[in-house]
Amino acid sequence: MKNLISVHDVENIHHLLEQALMFKREPLAERSLGSGKKLGLLFMNPSLRTRVSTQIAASNLGMECYVLNVGADNWPLEFREGAIMDGSNVEHIRDAAPVMGGYFDLIGVRTFPSLRDRTLDYSEHVIHSLMKYGGRPVLSLETATVHPLQSLADLMTIREFLPEGRRPKIAMTWAPHVKPIAQCVANSFSEWICAWGQADFVVAQPEGFELNESFLCGARVTYDQKEALEGADFVYMKNWCSYRDYGRVHGSAHEWMMTLDHLKLTNQAKLLHSLPVRRNVEVSDEIMDHQDCLAKNQAANKVWAAQAVLAEILKGQILA
Amino acid sequence: MKNLISVHDVENIHHLLEQALMFKREPLAERSLGSGKKLGLLFMNPSLRTRVSTQIAASNLGMECYVLNVGADNWPLEFREGAIMDGSNVEHIRDAAPVMGGYFDLIGVRTFPSLRDRTLDYSEHVIHSLMKYGGRPVLSLETATVHPLQSLADLMTIREFLPEGRRPKIAMTWAPHVKPIAQCVANSFSEWICAWGQADFVVAQPEGFELNESFLCGARVTYDQKEALEGADFVYMKNWCSYRDYGRVHGSAHEWMMTLDHLKLTNQAKLLHSLPVRRNVEVSDEIMDHQDCLAKNQAANKVWAAQAVLAEILKGQILA
Amino acid sequence: MKNLISVHDVENIHHLLEQALMFKREPLAERSLGSGKKLGLLFMNPSLRTRVSTQIAASNLGMECYVLNVGADNWPLEFREGAIMDGSNVEHIRDAAPVMGGYFDLIGVRTFPSLRDRTLDYSEHVIHSLMKYGGRPVLSLETATVHPLQSLADLMTIREFLPEGRRPKIAMTWAPHVKPIAQCVANSFSEWICAWGQADFVVAQPEGFELNESFLCGARVTYDQKEALEGADFVYMKNWCSYRDYGRVHGSAHEWMMTLDHLKLTNQAKLLHSLPVRRNVEVSDEIMDHQDCLAKNQAANKVWAAQAVLAEILKGQILA
């Protein structure tokens, strides 16, 4: 693996999953693979879970980790080619990226969507500029449109709770929220489940909240949440704002909030959420506190997901 | 020791003190005790002294340390059970705590008082929630009502300067300030001195600035600063806002500021302050710059206090 | 070397340069020199390049590094002797500095100029107070008037691209900017080039933008940019606000922006900039993207500059 920007960078998803599960059993199995290697983590948006899990993963591989909490406000970068920089942006990515490439062997980056300019967000210009000008492998720590480490951790969690002897049904259901939330976790989960190919996958959302088709890879899409939940073995609960009417929040969809009544429709489903969750808005307390809710497992698995990906990139560098 | 929330978690205060003094002489005496263990430090209020001293202590024990500077504003947590989270709080402690417990072996936390809602502050709901839902030993790095690592460092400093062959007199005197300051350092110092039991202890403050009795453990309390200072071997100088009229600042108590004239009343007392100090408001320049002022010794001893406590918790885990 | 505040602390600039170049070839040549030593990095102004390069340098020497991002606002320090601290400053440098000296073996600090009070800025009171009260070697990570690690990295870069068999001409030319920028990089570059003594050095700037003479060490100064650029082997491009009319920004000097036309005047000059750079304001895109632009080399060399300086200070401590 050269970079991890999305599932499309993964050569063999089954092997990657097995590696992540192997690191969970043996965290220090490759403790000198990253020896002498420096990982720079560039956060343009704050992070706690992703930052800490990636730091632990790097440490388990013997890498040194350097965190740059830049924020969109305190280090405003210019991305437009040819810009006359007489405004508020203090540095161009064409200058900043090679500097990071000079310090670090690998660069992780978290960017964020505007949720106003869909074309710009979906162009993923930030991470592509970093790849173009940084000259180093780049690891996504969440971008405007996808969140591959989250998805790998999600898939690991599903893999750990698979029903025996049959193909599972996975439902991803839209959930209500009070603020505009990016589509990246949902887009990415869909891509990874499709690439994995071991499940029947259905996505349910209200009218107007359909995801961009290119991430759905032909998954079944429905406006009927009940139909999606019926017989499901896994339910991924997640809010996202409108892609069609970009950034719009649904004002009145309380009935989409996951409750015990919804759970009854499923096949005693395991319940997934990427966190943070707005309790009793997205998901009811009963669901979050249910013994079948795997949200904390997903968060814990982020360490092993990051470790498997870092190991693949390091091995790719050694071979290169 | 399972957790360190207050002095009540300490099994043998004399042994803990000796351990702290031992680490001061031999910082690397237990350099592999924490090998492979991860300490998460969660700061809901900024910290420099406590953060750095705890990081050094962890490093001396071979632990890895991960700092989460969350702040009350940038990661607003919900603590109310059953809350409908449609406001500004983005995550419930019931979800955040298990995630931290998944990443770290021990969790240190600094919380802060509102200084408006006394009942809420004195319930210490933040650290108790973290203990309840995190599933890991918790180390207080200062909370609304107590600051045990500071107190252990304070006590170590006293222990290093004990007069020979007699029981010392320790006076804690309230000092003026321009802003509302928490009672935690004073509450905690009182608890620890009482638990130590090797000194005569008196607390002096103006009318209306009495501490909560449960922290005084029967210590002598007086409104007469002179009486408290007379013959004292140690003087702890500290401001706190009113407990009774919760959060109130004393507007006109300049005569309580420690000066050389006050010092003359004492038995050539050693002078203690937890820092930061407002010079010439709480304490005069002459006192802070006096050769008998031990404020910087107290700050330096925070490393060894944290190291002794971390070592006790680690040993408790190994035995468990 | 006891401290590094400016070039005047350097005993042998040629030896220091060779050390920096040696570390570039062999990063781990002295990997245990700093073993058990703690470096505290105190940022009163944010930093990315200088922080990360110094952290990597410390790691290469086996030192532990502790970062304190204090900012001017979130930890307002008092520097005035005898101040009655009833305002917004919460701690006096006389108390804060010894605490840091208690935790760290070496202290790095970045301070910043007000660009309003020239006398205060040029007194460098912050770093001098830290040296006076901290009791530890102090390493400048940029102060109000100089930036010695940047200058050493700049000089290294020049040293790597020296023309053979003749004395080079180095021109430093003022560049336009939209905001008031400190004089420290320019002051410092001038001091270091003069101390190095191996080049003809000329500084060009518009009327009213002359640097303080004490940093020019007799360098030739001109108001004619073309004359400065003619035949130059190296061109350092840098904005600074007015020293004379302290803090003033030049409103209309677009013709000073470096372009390919300016470059033609030189002797195929190598182009230097300390970054960040405002493209098409200070310097044109064509210049920044030119193969002879060494800005990213300068940034990368900051690691080796810091490493050479830290090694000198550590060796000085061992001998002391």
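Modeller: Two residues are in contact if their C-beta atoms, placed from the backbone, lie within 7 Å. This is a predicted model: local features need pLDDT of at least 70, side-chain atom pairs count only at pLDDT 80 or more, and totals for chains, interfaces and linings use all residues. Residues are numbered from 1 along each chain as its sequence is written, while chains are lettered from A and ligands numbered from 1 in the order written.

Biologist: Start with Ala58(A). Which residues does Ala58(A) touch, leaving out those up to four places away in sequence?

Modeller: Ala58(A) sits in helix 2 (residues 49–60) of chain A; helices (H or I, at least four residues) and strands (E, at least two) are DSSP runs, numbered from the N terminus. Once residues up to four places away in sequence are left out, Ala58(A) touches Gly34(A), Leu39(A), Met63(A), Cys65(A) and Leu310(A).

Biologist: Is Ala58(A) buried or exposed?

Modeller: A residue is buried with 20 or more other C-beta atoms within 10 Å of its own, exposed with 12 or fewer, and partly exposed in between. Ala58(A) has 23 other C-beta atoms within 10 Å, and therefore counts as buried.

Biologist: How far apart in space are Ala58(A) and Lys37(A)?

Modeller: In sequence, 21 residues separate Ala58(A) and Lys37(A). From C-alpha to C-alpha, Ala58(A) and Lys37(A) are apart by 9.5 Å.

Biologist: Why is helix 4 of chain A largely enclosed by the rest of the structure?

Modeller: Helix 4 of chain A covers residues 93–103. Among its buried residues are Ile93(A), Arg94(A), Asp95(A), Val99(A) and Tyr103(A). Helix 4 of chain A is largely enclosed because the buried residues number ten of the eleven.

Biologist: Now the contact of chain A with chain C. Which element gives the most to the side of chain A that touches chain C?

Modeller: 20 residues of chain A are in contact with 23 residues of chain C. Strand 2 (64–69), strand 4 (91–92) and helix 4 of chain A give two or more residues each to the side of chain A that touches chain C. With five residues, the element that gives the most is helix 4 of chain A.

Biologist: And chain C against chain B: how do the residues of the side of chain C that touches chain B divide by class?

Modeller: This contact takes 23 residues from chain B and 19 residues from chain C. Helix 4 of chain C gives the most to the chain C side, with five residues. Ala, Val, Leu, Ile, Met, Phe, Trp, Tyr, Cys and Pro count as nonpolar, Asp, Glu, Lys and Arg as charged, and the others, Gly among them, as polar. The side of chain C that touches chain B divides into ten nonpolar, four polar and five charged.

Biologist: At what angle do helix 4 and helix 6 of chain B pack?

Modeller: Ile93(B), Arg94(B), Ala97(B), Pro98(B), Met100(B) and Gly101(B) in helix 4 meet Ser129(B), Leu130(B), Tyr133(B) and Gly134(B) in helix 6. These residues divide into six nonpolar, three polar and one charged. Axes are lines fitted to C-alpha atoms, for helices over the stretch in contact, and angles run from 0 to 180 degrees between N-to-C directions. The axes of helix 4 and helix 6 of chain B are 8 Å apart, and the helices pack at an angle of about 60°.

Biologist: Is the peptide bond from Leu275(B) to Pro276(B) cis or trans?

Modeller: Pro276(B) lies in the loop between strand 11 (270–272) and helix 11 (285–288) of chain B. Omega from Leu275(B) to Pro276(B) is near -5°, and the bond is cis.

Biologist: What is phi of Glu142(B)?

Modeller: Glu142(B) is found in the loop between strand 6 (138–140) and helix 7 (148–160) of chain B. Glu142(B) is buried, with 27 other C-beta atoms within 10 Å. Its phi is positive in a residue other than glycine, near 110°.

Biologist: Where in chain C does Cys217(C) lie?

Modeller: Cys217(C) is not a glycine, yet has a positive phi of about 50°. Cys217(C) is partly exposed, with 15 other C-beta atoms within 10 Å. Cys217(C) lies in the loop between strand 8 (200–204) and strand 9 (220–222).
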